[in-house]
Amino acid sequence: YGCSITRVNSHPVEPPTKSFVKILLTANVISCTDEKDPKCPKGEMILSGSGMAVSLVKNKMTVLTAGHVCDIRPTKKIKEIIQVVHVIDHTGTVHQAWPILITHNNQVGLADLCLLWVPTLSVEKIKFSKRPPKIGEELTYIGAPKGIYHPPTVPIFKGIYSGLVDASSALFTAPATGGASGAAVLNKENKIVGVLWGTK
C-alpha cells in the first residue's frame, strides 16, 4: 500500500501594504452664507483617510477611498470651498490626486465612494473579488485610523463579515475610527470586497 503526503502552505498571504495610501484632504472654506455667524467654519482644515490603488481603469493609476474622504459635502453654512486631495505612498512620497467620481451613501444603493486619479503614483494595483464575502468569513483592512501611518509600515486589522445592513452597506467587526475611512476591505486572496466608510 502506498500513501502520499500533501504539504499545506500555512503561511498567510501577505497583505498588499505597498498599495495602501494615506489620503489628505485640504479644505479651505472661503466664505459662508452668513459671514456674521460665529460658527462659520472659515479657514483651512486638513482631514485624513485611507485608500488603495485599484485595478479599475486601464492604463490609469487609480485609488479607491470613501466619498467623504475626498469631498466635504456642502452645508447650509458654507458658501464657497476649495478642496485639494493628496496621497502619501509607502515611500513617504506625496502625490496630488484628482477625483474622477464621488458618491455619498444614501442607504438605498448609492455607496460612499471616491475614485481618484493619481498619475505620479507607481504601485501594484489591487483587483476586486468576483464573489461577495460570506457571513462568518474573516476579512482584513489596511488603514490609518487617527492618521497613524509610518511609511512603509501601516496598521492591519482583521474582523468578521456579519452580513448586509442595507442596499449599500454591510457590517464588518473590525476596530476602526476616524482616518480609517476609505480603507479597502480584503478577503484572504487579497481581493477587494468592500470599502470602510462608517465606524461605530
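How many bridges join strand 4 to strand 5, and in which sense do the two strands run? Strand 4 (residues 78–88) is joined to strand 5 by 4 bridges, and the two run antiparallel. Strands here are DSSP runs of E with at least two residues, numbered from the N terminus; helices are DSSP runs of H or I with at least four residues. Two strands count as paired if DSSP finds at least two bridges between them.

The model is predicted: local features need pLDDT of at least 70, side-chain atom pairs count only at pLDDT 80 or more, and totals for chains, interfaces and linings use all residues. Residues are numbered from 1 along each chain as its sequence is written, and side-chain values use heavy atoms, with hydrogens and water left out. The pLDDT is the predictor's confidence in each residue, on a scale from 0 to 100. The protein averages a pLDDT of 88, and 92% of the residues score at least 70. Over residues 1–10 the pLDDT is below 50. Beyond near neighbours in sequence, this stretch has 0 contacts in the model, a contact being heavy atoms within 4.5 Å. Where pLDDT is low, the predicted coordinates should not be read in detail.

The protein has 11 strands and 0 helices. Its pattern along the sequence is β-β-β-β-β-β-β-β-β-β-β. The C-alpha atoms fill a box of roughly 90 × 35 × 30 Å, taken along the principal axes.

A barrel is closed by 6 strands in the order 1-2-3-6-5-4, with antiparallel pairing. Neighbouring strands of this sheet are turned by 40° against each other on average, direction ignored. Such angles are taken between axes, which are lines fitted to C-alpha atoms (for helices, over the stretch in contact); they run from 0 to 180 degrees between N-to-C directions.

Strand 1 (residues 20–32) and strand 2 run antiparallel and are joined by 10 bridges. Here K22 stands opposite S50 in strand 2. Strand 2 (residues 43–54) also pairs with strand 3 (residues 62–65), in the antiparallel sense over 3 bridges. Across this pair, A53 stands opposite V63, and M52 stands opposite L64. Strand 5 and strand 6 are antiparallel, joined by 5 bridges. In this pair I102 stands opposite C114 in strand 6.

V185 has G194 as its bridge partner in strand 11.

The loop between strand 7 and strand 8 holds two backbone features. Most residues other than glycine have a negative phi, and most peptide bonds are trans. K146 lies in this loop. K146 has a positive phi of about 60° although it is not a glycine. P152 also lies in the loop, between strand 7 (138–142) and strand 8. A cis peptide bond joins P151 and P152, with omega about 5°.

The largest pocket has a volume of about 990 Å³. A pocket is, on a 1 Å grid over the protein atoms alone, an open set of points where a 1.4 Å probe fits, with protein on both sides within 12 Å along at least five of seven lines; lining residues have an atom within 4 Å of a point. Grid points are joined across faces, edges and corners, and the volume is the space filled by probe spheres set on the points. The lining comprises 38 residues, and S168, S169, A170, V195 and W197 lie nearest the centre. Strand 5 (94–103), strand 6 (113–117), strand 8 (156–166), strand 9 (169–172) and strand 11 (192–195) each supply at least two lining residues. The lining divides into 28 nonpolar, 7 polar and 3 charged residues. Nonpolar covers Ala, Val, Leu, Ile, Met, Phe, Trp, Tyr, Cys and Pro; charged covers Asp, Glu, Lys and Arg; the others, Gly among them, count as polar.
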